[in-house]
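Work through these exercises with the sequence and the 3D view side by side. Try each task before you read its solution.

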Amino acid sequence: MKLAYWMYAGPAHIGTLRIASSFKNVHAIMHAPLGDDYFNVMRSMLERERDYTPVTASVVDRHVLARGSQEKVVNNIVRKDKEEHPDLIVLTPTCTSSILQEDLENFVERATLDAQADVMLADVNHYRVNELQASDRTLQQVVQFYLNKAKKQGTLPEGKTEKPSVNILGLTTLGFHNQHDCTELKRLMADLGIEVNEVIPEGASVHNLKNLTRAWFNLAPYREVGLMTAEYLQSEFGMPYVDITPMGVVETARCIRKIQQILNEQGADVDYEEFIEHQTLYVSQAAWFSRSIDCQNLTGKKVVVFGDNTHAAAMTKILAREMGVHVVWAGTYCKYDQNWFREQVSEYCDEVIISEDNGDIGDAIARVEPAAIFGTQMERHVGKRLNIPCGVIAAPIHIQNFPIGYKPFMGYEGTNQIADLVYNSFTLGMEDHLLEIFGGHDTKEAIHKGISADSDLNWNKEAKAELNKVPGFVRSKVKRNTEKFARDRGLDEITIEVMYAAKEAVGA
């Protein structure tokens, strides 16, 4: 654990709270000092939901520490039980309160005696795991809790649904375009003649978790959340699962073919090849776009990709395999699952970077100076500093990446959204160039900022004039290369002769 001013994945309790607040009528009690309770603000600001976030902080302060936490925690659980009448109350410490090493399992057992709701402790090691790992573990724990409960009560349904059906696992609050992906996946399943048995946790009731075993298979579209649940259901109930992310034309087809294989192994007789061909040719515009002159102009362009495992791997494959774009390096901050990521992307990029340090990623981007970036909100900020366009493809994200309109990244409609994102990211630089050619309203201001901002070197009048002649979409690159050339040689002023020397040095 280290102090960071900016993190790609938050602490473990954020992951637990994401799962708890995704279910319907589940309340979370956060055992934490003041300052750790920012989840409510973050969720209400980003998700723009009408209901208040069902999370209560049981605050740890010096008075509580003096007389022990149990009484206050138990009282808060019982109080929320009476006020909210939830089906389940989840107690979670934060990494700060975990330092106290209290027996929270005992607190839960004590609260269970007085509460009508089910009460459980999120059994997560807050020192060893991050937000994504904790959300994966918490979802699996909740599912296991209710399936074990149904077993004991003899209420676990027997047999499968009459028609082929699926559970979609891992869709949560604060997920990147999760609700849009959910809608698209439901449409895709309907087109394939597959009933959606349950979607968890987003919008699900814990009372319905006992029905999970009735589905023919499970779909875990995100590697970060839902995979542990899929593996648990397979080991305990023999349920097969699909963990191929249906992003892009090729991977969507591969996902559907895997579903076809699983269904036919269970006695169904389905053939989705005609559906795949029709969707690829006529519904998805990405296949047509990849052959168009617009996309051919992108061939060989250098880009970098960074994000969580699911989205960074999928985007790397789409750019390299479907659009002919040169991925200089692809990276992820999911260090705990880096072997899978390397296996997925190594053949589609020149270099693989695994890092949780946004400063290192910023340096890696500046080093290769790509034509575009596809990353998180942090890489978007890096792109703004370097004047490189960035398409956001993964969390952490800004409120603008929680669109009100329909923007899935999965399925065949998702291929269209991704094609738009890629194309628009590349063409942003050309917009500046056209403004200069035809006289844009903000041309002079843009040129002035391009010369003076964050530069410790003096550009003389002739050099400034020469730099202004460089097209806008490459001016920052020329400026940086020239200043690097000057610094390496101990020069404190850039003249037109220095510019020409720098140009010859890079072979341009």
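A cavity here is a set of grid points where a 1.4 Å probe fits but cannot get out. Its volume is the space filled by probe spheres set on the points. The model is predicted.

**Exercise 1. Cavities**

Find how many cavities of 30 Å³ or more there are, and say which residues line the largest cavity.

Solution. 
- Start with the count. By this rule there are two cavities of 30 Å³ or more.
- Take the largest cavity next. Its space comes to about 60 Å³.
- List the lining. Gly-248, Val-249, Ala-286, Ser-290, Ile-318, Glu-322, Met-323, Thr-415, Ile-418 and Ala-419 line the largest cavity.
- Find the main contributor. Helix 17 has the largest share, with three residues.

**Exercise 2. The whole chain**

State how many helices and strands the protein chain has, and what percentage of its residues count as buried.

Solution. 
- Count the elements. The protein chain holds 21 helices and 15 strands.
- Turn to burial. Of its 508 residues, 55% count as buried.

**Exercise 3. Strand 10 and its neighbours**

Is strand 10 largely enclosed or open? Trace its links to strand 9 and strand 11.

Solution. 
- A residue is buried at under 20% relative accessible area. Six of the seven residues of strand 10 (residues 326–332) are buried, so the rest of the structure largely encloses this strand.
- Go to one side. Strand 9 (residues 302–307) runs parallel to strand 10, and six bridges join them. Val-304 has Trp-329 as its bridge partner in strand 10.
- Go to the other side. Five bridges join strand 10 to strand 11 (residues 349–354), again in parallel. Trp-329 has Glu-351 as its bridge partner in strand 11. Ala-330 stands opposite Val-352.
- Strand 9, helix 13 (residues 309–322) and strand 10 form a right-handed β-α-β unit. Strand 10, helix 14 (residues 338–345) and strand 11 form a right-handed β-α-β unit too.

**Exercise 4. Phe-426**

Is Phe-426 buried or exposed? Find which residues it touches.

Solution. 
- Locate the residue. Phe-426 sits in helix 17.
- Apply the cut-off. Buried means under 20% relative accessible area. Phe-426 has 11% relative accessibility, so it counts as buried.
- List its contacts. Leaving out residues up to four places away in sequence, Phe-426 touches Leu-298, Lys-301, Val-303, Val-325, Ala-371, Ala-372 and Phe-374.
- Compare sequence with space. Phe-426 and Ile-388 are 38 residues apart in sequence, and their C-alpha atoms are 9.1 Å apart.

Definitions and conventions: Residues are numbered from 1 along each chain as its sequence is written. This is a predicted model: local features need pLDDT of at least 70, side-chain atom pairs count only at pLDDT 80 or more; totals for chains, interfaces and linings use all residues. Side-chain values use heavy atoms; hydrogens and water are left out. Buried means under 20% relative accessible area, exposed over 50%, partly exposed in between (1.4 Å probe, protein chains only). Helices (H or I, at least four residues) and strands (E, at least two) are DSSP runs, numbered from the N terminus. Two strands pair if DSSP finds at least two bridges between them. A crossover is right-handed if, with the strands pointing away from the viewer, the path from the first strand over the helix to the second runs clockwise. On a 1 Å grid over the protein atoms alone, a cavity is a set of points where a 1.4 Å probe fits but cannot get out, and a pocket is an open set with protein on both sides within 12 Å along at least five of seven lines; lining residues have an atom within 4 Å of a point. Contact means heavy atoms within 4.5 Å.
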